[in-house]
Amino acid sequence: MSTELIRNFSIIAHIDHGKSTLADRIMELTGAVSDREKKDQLLDDMDIERERGITIKASAVTMNYEHGGKTYMLNLIDTPGHVDFHYEVSRALTACEGALLVVDATQGVQAQTVANAYLATEAGAEIIGVINKVDLPSAQPDITAEEIEHVLGIRKQDCFHISAKTGMGVHELLDAVVTLLPPPPDNSDKPTAALVFDSECDAYRGVICYVRVFSGELNIKQKIRFMGTGRTHLITELGKFTPKMSPVERLSAGEVGYVIANVRQLSDITIGDTITDDASPAEKPLPGYVPPMQMVFSDFYPGNNTDYPNLRLAFEKLALNDASFSFIPQNSPALGFGFRCGFLGLLHMEIVQERLERENDIDVVQTAPTVSYEVITTDGRTLKIDSPADLPDVTQIEELREPYVRLEIITTTDTIGGIMQLSESRRCKLIKTDYLSQNRVMMQYKAPLAEIVYDFYDLLKGISHGYATMDYEFTGFEVGDLVKINILVNKIPVDALSLIVHRSTAENRGRKMLVRLRKAIPRHQFEIPLQVAIGGKIIARESIKPFRKDVTAKLYGGDVTRKMKVLKRQREGKKRMKNIGAVQIPQDAFMSILDSSD
Amino acid sequence: MNSKKHDFKPAGLYVHIPFCQTKCRYCGFYSEPIKNHAPQRLISAIITELTEKRGQEPFFAYQTIYIGGGSPSCLPAKQLLRLIGEITSRCPKPEEFTVEVNPGQVSKDILSQLRAAGVTRISIGAQSFASEELTFLGRKHSVADIGRAVRSAKKASFDNIGIDLIFAIPHSTLESWKYSLRSAIDLGVQHISAYALTYEEQTPLQKAVEAGEVKPVDEETDRQMYDMTIDELEKAGFKQYEISNFSKPGFECRHNLNYWANNPYLGIGPAAGSYWNGKRTLNIADIKKYIEAIEQRKNVIAESETPDNIQVACETAVLNLRRRCGIILDEFKKQTGFDAAKLFAEPIGRYKKLGLIRTTSKRLCLTRKALPIADSVLCDFSTT
């Protein structure tokens, strides 16, 4: 099959700008789904995604579209729309030749619009500008078009005006997909090379790999080799998502579909790996995929130590559907055996947390999220530190480096002052300010990731009355004057409560941490001293006074059953906490240390 | 279930009289004003229940008897004596026979009649020797009534008299509590129960607290009052044998010791609880419905639970540990089949380190330090 009639494309957009609605409309117009089948936002197949209105994972749908007397095969590859999922967006874009950049005419260009456009350009995808929601009374399509031209360099007269909701202009847009986007190159005569750009795990069929065939072809019963891992498998099923899984005999160069090849566990394959023919393999694997970069780390410990194997199983299960999440065993002196987990960002972490709770019945204690640091030791080694607990002794540190990002904030001009104040308090340096229009501005900062990863977004939303949007991209590690704050609970240093902060704010943060902990840790049967130490020196103390009275005055015959229930409840409350020495520390306490507000 | 030799198993008998002159605002027990009811009908029903239960379970020996309430003393003397007569005819020589009385409702005459009918112990609901505290609690008797009741009981030749006191009443002070304790001691009673005021659910007092009309005493004062209780009573020759109970040597309330030993007891009357043949039950908490059920030979049990072996062991441990003598390891093993030191090894180890539990080769008990915060320790014995 010639690739002339194939178009592979993505829709990229800021959250809520109508990406999923447009995907639905396209599927309807091409007959991929009937009205009866359609549910809102068909591509989002996980509950959490639907509830949060965001798409976590890329999905791929194959459709037929008639144009100029020919039938084209359109492969729509969906992309996530949130700040944390740059990597997944880039994976999806690599499998495409083009992208529809959707901008809401009532909102204008937003931070993720810009970030996504950069990614598409980096992936070499052709971009079509799409202005959505033009039917709304508050739509300002002309201003939006000017912003697109100004910020993204797409000519305003080339933008398509549509309403994904009513379907207006979508036909014309699909015609443009066919006429303006290039077909994939025809490499069908070359050795087989297919890129695994996503995967999910089906309880019955095992791992389902989403693939884009770049050259050669994949056939049913073919013996394939994953070039990265070297493993070989027999293809048992090939197919396309229409959007239901529809088996086919063959996937040719340029096509997008799925491969099932008796792969039981996700750990057996690597996202970004190249599938080739075992007998006549490609010379080298396909370029392009960078392993996902985890920027935020947090330790998860089972509330009850006997749950450790169950927690491992739960993480393995989660990792099956989320290639950008990592977990490695961890042993904390205070908290016992658990896992260090890496996430793309804080939202990603929250999604994993939620899935962990929803899909498993395990009490988990989670430590405050931290970014990754680079340490140059006095003997010249470079260490990657994902937890303040792992930081070597100060005497062995030559240099401590923290991750920096390029931060883009788009907001209204009247909120610039507040945002500048917030950014300065977080050690962010303003690089430039760009006026998108008379009252909208894009501010670009150089920011330490640690300062913006936790509550920055919420504060930004507060200051801008929900208006400002932000996006960031990792730029590199830079030396910082950083120190570690250690917390001692009942005289025992608790590694899981330590924090790396800038020296200028360390004392102040340390004191705040103590106040938070005093409130978060319940009173015990004895007084609990809390101490904060910086560089081995205790700089502040607090104490949690013991409770003085906790006893049922009367317990006779009639009350036994009721009283036992009350006692059991009291005990259950304790069990939900983590024992450190004789002190029970609730989950909230581990998180409370990050709260830097007054 | 019952051995073929028909051994008599020791048990307690409790009779609940759910009548009061007026309901006190703090009281969480089931009771109703007596003026709304015909006492003789209830007493007949209670006697019927006793007869029936006795018929079903003839192999228990009631070693202790306790008539509580409510206030049994608000019954017409004739009804109370009829009830006592019916009980003693089925259990001629109990080791202990207690009747609870309200200090405002007893005369030397009635007390002498009780004594003659076989009652051996009187428990007087004094609560406080500060009249404003009595008013606050909604008690109808006076401070003077307490002294009169004790003296009458002595004259009626009771030599085992107990007084109930309540501390941590809103507006009370360490001084007022000390005064109450001293007054009780000075009356020369053999037994004192001292309870911290408990805000029971659904009581008018608890609602007043929720509405912000009443402010409970602060935790520190409550603690100091409790500490003072133990100190003052021990100084006066009383021995603490349970979290809230103190007596002169040999005058421990055996009926209540039976509860803390987790031995069987039969509860008769509305809202009474039983632990009988391994089953915990609660009777209907409604006088009218109770009487109807008895008269129509219907079930009077409203709630029932059969704890499994582990639950029994946990209940036994929690109850035993309320005693100063704690868990007696041999007895515990015999009673539950479990080795307490093994079953509760984790909390025992932890609390020994904190000085909250003491162990010897024979027993396991809470330390003095653990008493004021006993629930926080006992909850770790409530399940395994």
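How many Å separate the centres of domain 1 of chain B and domain 2 of chain B? I found 28 Å between the two centres, taken over C-alpha atoms. I noted that this is a predicted model, in which local features need pLDDT of at least 70, side-chain atom pairs count only at pLDDT 80 or more, and totals for chains, interfaces and linings use all residues. Residues are numbered from 1 along each chain as its sequence is written, while chains are lettered from A and ligands numbered from 1 in the order in which they are written.

**Entry on the domains.** I read domain 1 of chain B as 9–260 and domain 2 as 309–381, with bounds that come from an automatic or database domain assignment. Their contact takes 8 residues from domain 1 of chain B and 8 residues from domain 2 of chain B, where two residues are in contact if their C-beta atoms, placed from the backbone, lie within 7 Å. On the domain 1 side, I saw that α8 (219–235), β9 (239–242) and α9 (254–260) of chain B give two or more residues, and that the largest share, 3 residues, comes from β9(B). Helices (H or I, at least four residues) and strands (E, at least two) are DSSP runs, numbered from the N terminus.

**Entry on the chains.** I then turned to the contact between the chains, which takes 38 residues from chain B and 22 residues from chain A. Among the elements of chain B that each supply at least two residues to the side touching chain A are β8 (191–196) and α11 (309–321), and the largest share of that side, 5 residues, comes from α8(B).
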